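Colleague: Thanks for sitting down with me over this one. Could you show me the model, so that I can ask how you reach your conclusions?

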Amino acid sequence: MPRRVIIGVGIASYPLHAAGNMWVFLQWVLGFRQAGWDVWMVENVPPAKCIDANGRKCAPALSANLAQWNNVVEEFGLNDRATLFFDGQTPELTGLLGFARDAEFFFNISGHFKHREVLGAVREKIYADLDPAFTQIWAEVYKSDMNLDVHDKFVSIGRHLGGKGCRAPLAGRTWLPVGVPVVLDYFTNPKPDQPGDVWTTFTHWYGYPPVEYDGMWYGNKSEEFARLADLPKKTKEKLEIATDLHPDDPVTHQFLESGWRLVEARPLNTPWQRYRDYMAQSRGEFCVAKNGYVRSHCGWFSDRSVAFLALGRPVILQETGWSDFYPQGEGLLSFHDEESARAALETVARDPVKHARAARKIAERYCAAPIVVNELLETIGHAA
């Protein structure tokens, strides 16, 4: 019998224009399945978060949340292996509890899932942190309930957490390192040797409020983009950001005047294939990291960047310490400031096809979901 795992996700909670969010969770669900596991996906949505296709509050049975969940379950063959709770209630609880008692562990992404009876039925609970530095600061400094206490082990894509050069608290836990997976079957480019003309990325411009730790503030991407506002004037490469930045925001005018292209992200996130194709048709991803990731030097790496790499599109990503875990120089390049960003863009421009091929090879060697899942299993003591 295949080994069993339950994975807590946050897919139905964000049902509209959220392909990027959906794939954060699906990479793990489908990745475990590719690695040979019997996977059951679970999520709880408070009725207050239920909305219709126009964003208006509605009953769970009529919600876009339920429709999104059902579409994902059907498309990715998760029938009889997926349970959506509304306010902790579901008619499928008995079957899920039976599965839970045989599961090796519960993999709780960002601690989203909190149903005590289900969690209590599983032998071991693993908390998977996808927002390193922020998760630990919220828990330790701001005393936010991050749902840490019910878990037995803790993993983070911030692979430097606890290391000498990492400037982030640990919230009283040992954080084990884990990579970022991509399911290559869904992110393979039919035209890998035909890169586009424009560098792209997706960005929530302001995200959540900055947080303070040890006398320093840890902010979002907006601060790091501000340092590169004039970059288009220093390079012939075309730079585009798919974002939620409002047209009337003064920053919009500043960036357009500087030569950036800004497009609305929402239409590019529905359906998910359009999200993938937008990345596949680009020259590659050029993106900053959140200021908090940079400042903490936590080693964060982007779940979107692994998708670009899988599509054979090179990635130029701001340094967070990630280059200690991934090769960089061909197909994947780091930068610290405007000059190193410009140099990275020019490096790829000299031979874009070479970098496109190198990007895919990096994805196959370091990011393919079964590889990352098996590395995780070894790290948490569940290797075969």
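Colleague: Which residues line the second largest cavity?

Modeller: Its lining is made of Ile 157, Arg 159, Val 178, Gly 179, Val 180, Gly 299, Phe 301, Phe 325 and Tyr 326. Please keep in mind that this is a predicted model. The space inside the second largest cavity is about 30 Å³, and its lining divides into 6 nonpolar, 2 polar and 1 charged residues.

Colleague: What makes a space such as this a cavity and not a pocket?

Modeller: A 1.4 Å probe fits in a cavity but cannot get out, while a pocket is an open set of points. Searching the whole structure for cavities of 30 Å³ or more gives 2.

Colleague: What is the volume of the largest cavity, and which residues line the largest cavity?

Modeller: The largest cavity has about 40 Å³. Around the largest cavity sit Gly 20, Trp 23, Val 24, Gln 27, Phe 187, Tyr 275, Asp 303, Arg 304 and Ala 307. Helix α1 gives the most to this lining, with 4 residues, and α10 is, like α1, a supplier of at least two. By type, the lining of the largest cavity holds 5 nonpolar, 2 polar and 2 charged residues.

Colleague: And the open spaces: which residues are closest to the centre of the second largest pocket?

Modeller: The second largest pocket holds about 310 Å³ of space. It has 18 lining residues, and those closest to its centre are Pro 15, Gln 68, Asn 269, Thr 270 and Pro 271. The largest share of the lining, 6 residues, is from α2; α1 (19-34), α2 (64-75) and α8 (272-280) each supply at least two. That lining has 11 nonpolar, 6 polar and 1 charged residues.

Colleague: What is the omega of the peptide bond that joins Thr 270 and Pro 271?

Modeller: Omega there is about -10°, and the bond is cis. Pro 271 belongs to the loop between β13 (261-264) and α8. For background, most peptide bonds are trans, and most residues other than glycine have a negative phi.

Colleague: Which phi does Asp 80 have, and is Asp 80 buried or exposed?

Modeller: Asp 80 has a positive phi of about 70°, although it is not a glycine. The loop between α2 and β3 (82-86) is where Asp 80 lies. Its relative accessible area is 66%, and exposed means over 50%, so Asp 80 is exposed. Ala 171, also not a glycine, has a positive phi of about 55° and lies in the loop between β6 (153-156) and β7 (175-177). Buried means under 20%, so Ala 171, at 10% relative accessibility, counts as buried.

Colleague: Why is Trp 300 called buried?

Modeller: The relative accessibility of Trp 300 is 7%, and the cut-off is under 20%, so Trp 300 counts as buried. Trp 300 is placed in the loop between α9 (291-296) and α10 (303-310). Leaving out neighbours within four places in sequence, its contacts are Leu 130, Pro 132, Ile 157, Gly 158, Ala 289, Tyr 293, Leu 317, Thr 320 and Trp 322. Thr 320 is 20 residues from Trp 300 along the chain, with 6.1 Å between their C-alpha atoms.

Colleague: What about Ser 296: buried or exposed?

Modeller: Ser 296 has 0% relative accessibility, which is under 20%, so Ser 296 counts as buried. Ser 296 is in helix α9. Not counting residues up to four places away in sequence, Ser 296 touches Ala 133, Gly 165, Cys 166, Arg 167, Ala 168 and Tyr 218.

Colleague: Last one: how do you know that the protein is as compact as a globular protein of its length?

Modeller: The protein has 13 helices and 16 strands. Its radius of gyration is 20 Å, close to the 21 Å that the globule rule gives for 384 residues, so the protein is as compact as a globular protein of that length. Of those 384 residues, 57% count as buried.

Notes. Residues are numbered from 1 along each chain as its sequence is written. This is a predicted model: local features need pLDDT of at least 70, side-chain atom pairs count only at pLDDT 80 or more; totals for chains, interfaces and linings use all residues. Side-chain values use heavy atoms; hydrogens and water are left out. On a 1 Å grid over the protein atoms alone, a cavity is a set of points where a 1.4 Å probe fits but cannot get out, and a pocket is an open set with protein on both sides within 12 Å along at least five of seven lines; lining residues have an atom within 4 Å of a point. Grid points are joined across faces, edges and corners, and a volume is the space filled by probe spheres set on the points. Ala, Val, Leu, Ile, Met, Phe, Trp, Tyr, Cys and Pro count as nonpolar, Asp, Glu, Lys and Arg as charged, and the others, Gly among them, as polar. Buried means under 20% relative accessible area, exposed over 50%, partly exposed in between (1.4 Å probe, protein chains only). Contact means heavy atoms within 4.5 Å. The radius of gyration is taken over C-alpha atoms; the globule rule is 2.2 Å times the number of residues to the power 0.38.
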